[in-house]
Amino acid sequence: MTQIEQDKNAPDTVMSDYNFAYLDEQTKRMIRRAILKSLAIPGYQVPFASREMPMPYGWGTGGVQVSAAVLTPDDTLKVIDQGADDTTNAVSIRRFFEKTAGVAVTEATAEASIIQTRHRIPEAELREDQVLVYQVPIPEPLRFLEPSEVETRKMHELEEYGLMHVKLYEDIAQHGAIATAYAYPVKVEGRYVMDPSPIPKFDNPKLEMAAIQLFGAGREQRIYALPPYTQVVSLDFEDYPFEASKADHLCGLCGAEDSYLDELIVDDEGGRLFMCSDTDYCVARQAAGHRGSDAAPTLEGVA
Amino acid sequence: MIRVENVSKSFTLHNQGAVVIPVMSGGELSVAKGECVALTGASGAGKSTLMRMIYGNYLTAAGRIMVGDLDVARASPREILMLRRHVLGYVSQFLRVVPRVATLDVVAEPLRAVGRSEAEARDRARELLAQLNIPERLWQLSPTTFSGGEQQRVNIARGFAHPYPVLLLDEPTASLDATNRATVLALIEEAKARGTAIVGIFHDEAAREQICDREVDVTRFTPGMAA
Amino acid sequence: MTPLLQVEDIAKYYGTRIGCTGVSFDLYPGEVMGIVGESGSGKSTLLNTLAGHLTPDRGAVRFDTRADGLRDTVTMSEPERRMLSRTDWAFVHQHARDGLRMNVSAGGNVGERLMAVGARHYGKIRATASDWLGRVEINEDRIDDRPASFSGGMQQRLQIARNLVTGPRLVFMDEPTGGLDVSVQARLLDLLRNLVREMGLSAIIVTHDLAVVRLLADRLMVMKDGHVVESGLTDQVLDDPQHGYTQLLVSSVLQV
């Protein structure tokens, strides 16, 4: 999987039956206005008129609409799902834009101009000329404790964020530590509390980056954003400070010690393999000659 | 300390054809410091009514009721509350307390209300309860479960916890045995000695004669019952 | 002495129907005011209007703020009013589940107001919550349990702890003992009375239970059809009611 497998049926030119990137121009303009507003008010959830997409809710309809609105024919698109380029969700979205926009696609993080992601931030540092588009299931960080939308909007308006800490308090009370491991709430530029989508909290420090970050929630009809170099602080307590934790292992395939790892059960004896969740990062390291110490033989033994 | 001038009172029963029942007119009374005055008159003549008017429990239709510097007949609720907290004590025939509160705290409460420490208030409460022969094993229980006589004594202890300059006593010796009766009378004498102005209703004639300096027959203020 | 709360000619209408109208009173520090009346008399409307949950159509509700003295809470900005309602004010609902977060532990419920005003030290928040559970007679080993597993009386006491933890000066209570067993009511009344005195609280209590106001309230207002028909010292209003409606109310109570 060093190169994207070309769809045998993909035509050489854009299919004329679809408008560029599937959505009509009016809709894309509407979404762009929402994106501009969201960039102007970092962390604020801007409502938008989410369209029906040819995929079910939960499969990234919000991210797809945002990507469609910012894509240009010159862009190179990368799509990852939990860090991987080769999962069903990533492959189908990538094919969707190949088909409807005819844009170039890539698995290499550095080569992409737009990266749509579900649940991860790539390990490689992103640049100012890149856009990271997140698929968001539930954009409202206060939702689990306050069911009323009217009330949560009021809380954002008046910066009443005590409730967010109640959630962290509950974590410590129940687990002895802040057990929230993903979708860890952050405060943006000292103003809005934001849900960074279900990325692992390991990724939270990376939210302060050079690239533009756009968040799209299709079912909930919200778009929010982080402009480049926006201050993003993970919430915590003085005596229980935020920690960007990961599994305490090296990647079994490439030996990386700084990347977020997935845990795989590889046999019936409970044998485990830790490997980079960012497949591009892992493959690139292996190509550069890095090898995990012990995992590769195990894998082969199973196969 | 108490000066009642030309007071009148009537009840209007709105739900019984708006019947107006006059119960007092031209009421007069004055009690000096250290003086104990007994209200007398037949049942229904208005002894309790007058006492309740002085306490602010009944409204006064006309006239003045001076307790210290305050005209209770015209005072605001807040002024009456302050007066009751610091100046004006009342030992009624009935004990009205929050059901669960321990007897000791019921008696200590008036002292707590004027800002005394819990320890000081409880010490005084213990002293009074012991004096009035309430067995110590009952002190931590709520008085709501006590016998009539015990409740009466708790009520008296509570009334004498804080040295009010003015005291209203409604039948303080009723349903007491000889020993406790003597204790209550001694408490009243003590209060008089420190200058407390007392108005009381005593059906117990001997008690009345022992501690009261004067008697005022309220029958002469009772419309249609003037003797 | 400055009143803590100064209510002037408050009126609230629902369309053309009167919610409450022409209500004025002063409440002083440490005073407990009872409001009684039957269902639909406007007492809950009045309470919610005073507490800022409803906007009155007329009148002023001035509160003696710590920073600037008497301020009209009706015309102050919403952020200011909401800040008041989680610092100097408290609201105890009749149904504990309206005033509690049922999916949050007891400790989290009590700690929320602390965190809302900026507390960020878990250990201190928990210690304060634990102390308050003790003060409302909830065993401290229940601190991590959710209120759903509590009895009605415990839930109500938890609601009180949650409200009083920030040391408010004014507490609004809507039927605080409603729906509780009589013995549980007594315990709650005792608790409320002690807290009111220890903390020097002022309170406005809406109830239809005359026994409750006799034990808790210094002063009493009687409402009927949106109007205050009578007010005064609690025992005076109950023992010498002047208005026909109050007389009816008092004479309707079953004596035990």
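In which sense do β1(A) and strand β9 (residues 222-226) of chain A pair, and over how many bridges? They pair in the antiparallel sense over two bridges, where pairing requires that DSSP finds at least two bridges between two strands, and within this pair P47(A) has R222(A) of β9(A) as its bridge partner. The model is predicted, so local features need pLDDT of at least 70 and side-chain atom pairs count only at pLDDT 80 or more, while totals for chains, interfaces and linings use all residues. Residues are numbered from 1 along each chain as its sequence is written, chains are lettered from A and ligands numbered from 1 in the order in which they are written, and side-chain values use heavy atoms, with hydrogens and water left out. Helices (H or I, at least four residues) and strands (E, at least two) are DSSP runs, numbered from the N terminus.

The strands β1(A) and β9(A) belong to an open sheet of seven strands in chain A, which has the order β1-β9-β8-β5-β4-β2-β3 and mixed pairing. Its edge strands are β1 (46-47) and β3 (104-105) of chain A, each of which pairs on one side only. Strand β8 (residues 212-217) of chain A is mostly covered, with five of its six residues buried (buried means under 20% relative accessible area, exposed over 50% and partly exposed in between, with a 1.4 Å probe and protein chains only). β8(A) pairs with β5(A) in the parallel sense over five bridges, and with β9(A) in the antiparallel sense over five bridges. G216(A) is the bridge partner of Q135(A) and stands opposite I223(A) in β9(A). The hairpin of β8(A) and β9(A) has four residues between the strands, and in it Q221(A) takes a positive phi near 60 degrees.

Elsewhere in chain A, strand β11 (residues 261-265) pairs with β12(A) in the antiparallel sense over five bridges, and L264(A) has L273(A) as its bridge partner. Because four of the five residues of β12 (residues 272-276) of chain A are buried, this strand is largely enclosed by the rest of the structure. In the hairpin that joins the topic of these two strands, which has six residues between them, G270(A) takes a positive phi near 85 degrees.

Chain C has its own open sheet, in which six strands follow the order β6-β7-β8-β3-β9-β10 with mixed pairing. β6 (89-92) and β10 (227-233) of chain C stand at the edges with a single partner strand each, so one side of each is left without a neighbour in the sheet. β6(C) pairs with strand β7 (residues 170-174) of chain C in the parallel sense over four bridges, and V92(C) stands opposite M173(C) in β7(C).

We turn now to the contact of the two chains. Chain C and chain A each contribute 22 residues, contact meaning heavy atoms within 4.5 Å. Between them the chains bury about 2000 Å², 54% of it on carbon and sulfur atoms; buried area is the accessible area (1.4 Å probe) that two parts lose on being put together, summed over both. R82(C), R120(C) and Y122(C) supply 37% of the area that chain C buries against chain A, more than any other three residues.

Helix α5 (residues 162-175) of chain A and helix α5 (residues 122-135) of chain C pack at about 80 degrees, with their axes 11 Å apart. Axes are lines fitted to C-alpha atoms, for helices over the stretch in contact, and angles run from 0 to 180 degrees between N-to-C directions.
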